[in-house]
Amino acid sequence: MTFLLASIYILVVLMFQAVIFARLNLFGVVPDLILVSVIIYSVFNSQQRSAIFSAGAGLLQDLLSFGVYFNTIVKVLVSLVVNLLKENFMGNEFVFSVVLVVVFTPLSRLFEIGILYFFGRARFDCYFIITNAILATVYNMLFVPVLFPIVKRISHA
Amino acid sequence: MIGRRPYRKRKSYTLTIVIVLLALFISISAVRDFFAVRPVFAAITYPFQFVVVSVWKGVTGTPGAIMDLHSLSRRNAELTDEVNLLSTKMLSMEELIKENERLKKSLSFRNISQYRYRLLPAQIIGKSPVPWFTILISNKGSRAGVKLDDAVMVKEGLVGRVVEVSPFSSKIMLITDVESSVAAADKRSRDFGVVVGAHRNRLVMRYVSAGKDIKIGDEIATAYISTVFPQGIPIGHILRASKGEHDLFYHIDVKPAVDFSKLEEVFIVL
């Protein structure tokens with residue numbers, strides 16, 4: 001049941017991201033709802049479950065994409081680190097999720113830029129990297145209150 | 001007495017390690033195109049995308065449509081006049097095309113059919129969910145006759161090319177994508193170069209020799225040497241052109257003719 005709910009959730013979030021938020025971009029920057037979902041899911045679930053969730057979500061994101069396919073590895077690594085961090089965390093899960101989104105959004109963007117640079121696929125100037133990371137972080141943060149209760153419910157289903 | 005350690009279930013990392021390795025393999029290996037899964041997934045997601053985009057357009061378009069209702073009849077009359085005028089012009093144009101072809105034939109030109117292409121209207125139903133690549137998803141696929149590398153345009157100019165086709169949808173790489181390159185020419189001086197994508201909807205024209213005649217404001221269009229794009233489709237105009245004393249080529253910034261942020265309908269050149 002949880003697997004089915006999680007699959008439907010990922011598909012719906014992907015559709016929203018590809019169709020609606022492609023139009024509602026913030027100065028050309030679109031939110032990464034999958035990353036936010038992976039972080040929240042990892043807060044509530046075991047390492048294995050969140051690794052499966054993040055791999056599935058990243059893989060579907062890669063299937064919809066074109067170019068360099070690194071969403072799967074980025075999402076899996078994020079879920080791994082979140083699981084390691086949460087072992088030493090005591091407190092409000094919502095606040096923890098917000099903090100993680102603030103930390104991991106720019107980090108994942110930098111990681112992706114690094115991969116693109118490494119493969120010689122793209123060169124970005126500092127201004128672009130910084131503005132993109134800031135806008136993406138703000139945009140992702142806005143979605144934590146929306147996605148948090150949904151992902152929590154899926155985790156506890 | 002031998003002390004017994006309390007039993008504690010050890011955490012298993014095997015599955016996690018397997019998943020990480022698989023993810024790494026997918027990212028860097030040759031299975032990047034996921035065998036034939038991508039078109040299948042595109043076909044599965046197409047109905048969802050179509051429903052979401054239809055609902056979205058209905059929700060966002062209704063208030064505007066109601067507000068514009070009073071100006072619709074006036075606009076309708078204007079458009080009817082315009083259609084009549086253009087239909088008349090088309091008749092004379094057809095005659096000119098035929099005459100042009102006849103004359104070219106008599107001069108043994110080999111590229112008579114160059115301008116004869118069919119335009120397939122398509123709707124943009126989505127965008128690639130990755131920030132670094134500017135890929136649009138259209139609602140026309142192989143069933144409508146769309147093929148890989150088909151050019152995509154709007155009335156303002158060139159949009160991009162088809163990079164992936166599934167039965168009901170296709171992915172279009174914009175010319176502003178960092179992976180895109182288009183053989184182009186200056187419409188005034190006929191100097192050739194290659195227009196490549198840059199970030200933030202910018203274009204850069206490369207490999208135009210420093211000795212060539214380049215001016216700011218010159219129109220850039222697709223060149224006849226292109227094997228993908230038909231000749232003469234506007235790409236943009238020159239915004240900046242600079243060269244150092246010892247540079248072999250110009251550095252040219254091109255402003256795209258198309259506003260890519262507002263694309264809703266495009267034409268696929270078949």
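1. F94(A), S97(A), V98(A), V101(A), V102(A), T105(A), P106(A), R109(A), L110(A) and I113(A) of α5(A) meet I129(A), N132(A), A133(A), A136(A), T137(A), N140(A), M141(A), V144(A) and F148(A) of α6(A), where two residues are in contact if their C-beta atoms, placed from the backbone, lie within 7 Å. Helices (H or I, at least four residues) and strands (E, at least two) are DSSP runs, numbered from the N terminus. This is a predicted model, in which local features need pLDDT of at least 70 and side-chain atom pairs count only at pLDDT 80 or more, while totals for chains, interfaces and linings use all residues. Residues are numbered from 1 along each chain as its sequence is written, and chains are lettered from A and ligands numbered from 1 in the order in which they are written.

2. Two packed helices are described by the angle between their axes and by the distance between those axes. For α5(A) and α6(A), the axes come within 9 Å and cross at roughly 145°; axes are lines fitted to C-alpha atoms, for helices over the stretch in contact, and angles run from 0 to 180 degrees between N-to-C directions. The crossing of α5(A) past α6(A) is right-handed, a crossing being left-handed if the near helix is turned anticlockwise from the far one by less than a right angle, and right-handed if clockwise. The residues in this contact divide into 13 nonpolar, five polar and one charged, with Ala, Val, Leu, Ile, Met, Phe, Trp, Tyr, Cys and Pro counted as nonpolar, Asp, Glu, Lys and Arg as charged, and the others, Gly among them, as polar.

3. On the α4(A) side the contact is made by V74(A), V78(A) and V82(A), and on the α5(A) side by L100(A), F104(A), S108(A), F111(A) and E112(A). By type, the residues of this contact are six nonpolar, one polar and one charged.

4. Taken by itself, α5(A) has 26 residues and reaches 36 Å from its first C-alpha to its last, close to the 38 Å expected at 1.5 Å a residue; the expected span of a helix is 1.5 Å times one less than its number of residues. A kink of about 25° lies at F104(A), shortly before the proline P106(A), the bend at a residue being the angle between axes fitted to the seven residues ending there and the seven starting there.

5. The buried residues of α5(A) are S97(A), L100(A), V101(A), F104(A), T105(A), S108(A) and R109(A), and what covers them includes α2 (33-44), α4 and α6 (126-155) of chain A. A residue is buried if 20 or more other C-beta atoms lie within 10 Å of its own, exposed if 12 or fewer, and partly exposed in between. In the same helix α5 of chain A lies V103(A), which counts as partly exposed because it has 16 C-beta neighbours inside 10 Å.

6. How many residues of α3(A) are buried? The helix is mostly covered, with 15 of its 18 residues buried. Its end C-alpha atoms are 26 Å apart, which agrees with the 26 Å that its 18 residues (47-64) should span at 1.5 Å a residue.

7. Chain B contains three helices and 12 strands, and buried residues make up 30% of its 270 residues. The contact between the chains takes 38 residues from chain B and 39 residues from chain A. On the side of chain B that touches chain A, the largest share, nine residues, comes from α2(B), and the residues of that side divide into 24 nonpolar, seven polar and seven charged.

8. The helix α2(B) has 31 residues and reaches 45 Å from its first C-alpha to its last, close to the 45 Å expected. It bends by about 40° at G61(B), and a proline, P63(B), follows within four residues. Its residues P39(B), A42(B), T45(B), Q49(B) and V53(B) are buried, and what covers the buried residues of α2(B) includes α1 (2-20) and α3 of chain A together with β1 and β2 of chain B.

9. Two loop residues of chain B deserve a look. R190(B), in the loop between β6 (181-186) and β7 (192-198), has a positive phi of about 65° although it is not a glycine, and it is exposed, with 10 other C-beta atoms within 10 Å. Y207(B), in the loop between β8 (202-206) and β9 (219-222), has a positive phi of about 60° although it is not a glycine, and it is partly exposed, with 15 other C-beta atoms within 10 Å.
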